[in-house]
Amino acid sequence: MNVEVTINGERHSHDVEPRLLLVHYLRDVVGLTGTHVGCETSLCGACTIMLDGQAVKSCTLLAVQANGAEITTIEGLAENGELHPVQEGFWECHGLQCGFCTPGMIIAAHQLLERNSRPSEAQIRRGIEGNLCRCTGYQHIVDAVQYAARKMRS
């Protein structure tokens, strides 16, 4: 089956197997390896991307279900060589350790800040709750999102 999508502003068209998961399409067909494959059951959130403006777990969708969609991956957040404020926040506030959850966590935080420019700590924790991290204890991630919120407002 043919899939036509726009990923990070660039059109892509490929013939794919109907059962190919979107996460594997992004990584193996398109070559964007920033989206991670974690549990493949939608529990961990490592594969989170933006699909038509909504954060979704790309292991829960077939590539053919994304036909015609606008997709943003972690690679698409930076602009003109400058990190997105959420990416910068993770760097500046030590919001990552091993980095495995980081792409999905950043995408989830990005969606939260698009919807709420002044989230409370509780709202940040709720906004990222579908993304699991085994390393950080989450406080540095919350700090990173708060940093990004301040930067995006200024």
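Me: Before we start, what do buried and exposed stand for here?
Reply: Happy to set that out: buried means under 20% relative accessible area, exposed means over 50%, and partly exposed lies in between (1.4 Å probe, protein chains only). This is a predicted model, where local features need pLDDT of at least 70, side-chain atom pairs count only at pLDDT 80 or more, and totals for chains, interfaces and linings use all residues. Residues are numbered from 1 along each chain as its sequence is written, and side-chain values use heavy atoms, with hydrogens and water left out.

Me: Why is Arg19 called exposed?
Reply: Its relative accessible area is 67%, and exposed means over 50%, so Arg19 counts as exposed. Arg19 sits in the loop between strand 2 (10-15) and helix 1 (22-30); helices (H or I, at least four residues) and strands (E, at least two) are DSSP runs, numbered from the N terminus.

Me: And why is Ser58 called buried?
Reply: Ser58 has 0% relative accessibility, so it counts as buried. Ser58 lies in the loop between strand 4 (54-57) and strand 5 (70-72). Leaving aside neighbours within four places in sequence, Ser58 is in contact (heavy atoms within 4.5 Å) with Leu21, Leu22, Val23, Thr35, Cys47 and Ile49.

Me: What makes helix 3 largely enclosed?
Reply: Helix 3 is largely enclosed by the rest of the structure because 12 of its 14 residues are buried. Among them are Met105, Ile106 and His110, and the cover includes strand 3 (48-51), helix 2 (85-92) and helix 5 (139-153).
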